[in-house]
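Below is a briefing on one protein model, written to be read beside the sequence and the structure. The points are grouped by topic.

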Amino acid sequence: QVQLVESGGGLVQAGGSLRLSCAASGSIFSINHMGWYRQAPGKQRELVARISNDGNTNYADSVKGRFTISRDNAKITVYLQMGSLKPEDTAVYYCNAMIYYSGSLRNCWGQGTQVTVSS
């Protein structure tokens, strides 16, 4: 069994910052890319940022220059540093990772963490 556990969400004023963390645990053989998605009420889940296992990153246009994704392979943890937050960043943020375990490469999700940005 593999788990992704997120932390760091909360309520912040516009212009503020938050740092999300997501730690993977379990019988992991290897991990490919890790990333963050978000889903606002009434909207589809969308990619926020992704990082490959060799550190290449890509971001949604809406967060470029404000958010930074990073990972610590030794801790099997991915981070999302969010700055200059806007009310439209309000959403449930989900950690995502492609993890090889039990003989298969699987698309894994965390349970989600709420980020609320007040105006």
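**Briefing**

Ile-51 counts as buried because its relative accessibility is 5%; buried means under 20% relative accessible area, exposed over 50%, and partly exposed in between (1.4 Å probe, protein chains only). This is a predicted model, in which local features need pLDDT of at least 70, side-chain atom pairs count only at pLDDT 80 or more, and totals for chains, interfaces and linings use all residues. Residues are numbered from 1 along each chain as its sequence is written, and side-chain values use heavy atoms, with hydrogens and water left out.

**Overall make-up**

- The protein has 0 helices and 11 strands; helices (H or I, at least four residues) and strands (E, at least two) are DSSP runs, numbered from the N terminus.
- Read from the N terminus, the order of elements is β-β-β-β-β-β-β-β-β-β-β.
- The C-alpha trace spans about 45 × 25 × 20 Å along its principal axes.
- The radius of gyration is 14 Å, which agrees with the value near 14 Å for a compact globule of 119 residues. The radius is taken over C-alpha atoms, and the globule rule is 2.2 Å times the number of residues to the power 0.38.
- Of the 119 residues, 42% are buried.

**The four-stranded sheet**

- An open sheet is formed by 4 strands in the order β1-β3-β8-β7, with antiparallel pairing; two strands pair if DSSP finds at least two bridges between them.
- β1 (2–7) and β7 (67–72) are at the edges with a single partner strand each, so one side of each has no neighbour in the sheet.
- From one strand to the next, the twist averages 15°. Axes here are lines fitted to C-alpha atoms, for helices over the stretch in contact, and angles run from 0 to 180 degrees between N-to-C directions.
- β1 and β3 (residues 18–26) run antiparallel and are joined by 6 bridges.
- Val-2 has Gly-26 in β3 as its bridge partner.

- β4 and β5 run antiparallel, with 5 bridges between them.
- Opposite Tyr-37 stands Leu-47 in β5.
- The hairpin of β4 and β5 has 6 residues between the strands, and Gly-42 in its turn has a positive phi of about 75°.
- Ile-51 belongs to strand β5 (residues 46–51).
- Arg-50 has Asn-58 in β6 as its bridge partner.
- β5 and β6 form a hairpin with 5 residues between them, and Gly-55 in the turn has a positive phi of about 95°.

**Salt bridges**

- Side chains of opposite charge can pair when their charged atoms come close.
- The whole structure holds 4 salt bridges; a salt bridge is a side-chain nitrogen of Lys or Arg within 4 Å of a carboxyl oxygen of Asp or Glu.
- One of them joins Glu-46 and Arg-38 at 2.7 Å, N to O. Glu-46 is partly exposed, with a relative accessible area of 35%, whereas Arg-38 is buried at 5% relative accessibility.
- Asp-89 also forms a salt bridge with Arg-38, and their closest N and O atoms are 2.9 Å apart. Asp-89 lies in the loop between β8 (77–82) and β9 (91–101) and Arg-38 in strand β4 (residues 30–39), so this pair ties together parts that are 51 residues apart in sequence. Both residues, Asp-89 and Arg-38, are buried.
- Asp-89 meets Arg-66 in a further salt bridge, at 2.8 Å from N to O. This pair links distant parts of the chain, with Arg-66 in the loop between β6 (57–59) and β7, 23 residues from Asp-89. Arg-66 is buried, as is Asp-89.
- Through shared partners, salt bridges join Arg-38, Glu-46, Arg-66 and Asp-89 into one network.

**Nonpolar surface**

- Phe-29, Tyr-100 and Leu-105 make a nonpolar surface patch of about 330 Å². Patches consist of residues with over 30% relative accessible area and no salt bridge; like charges are joined within 9 Å, and nonpolar side chains (Val, Leu, Ile, Met, Phe, Trp, Tyr) within 5 Å. Accessible areas come from the Shrake-Rupley method with a 1.4 Å probe, and for residues only the protein chains shown count as cover.
- Leu-105 lies in strand β10 (residues 104–109) and counts as partly exposed, at 44% relative accessibility.
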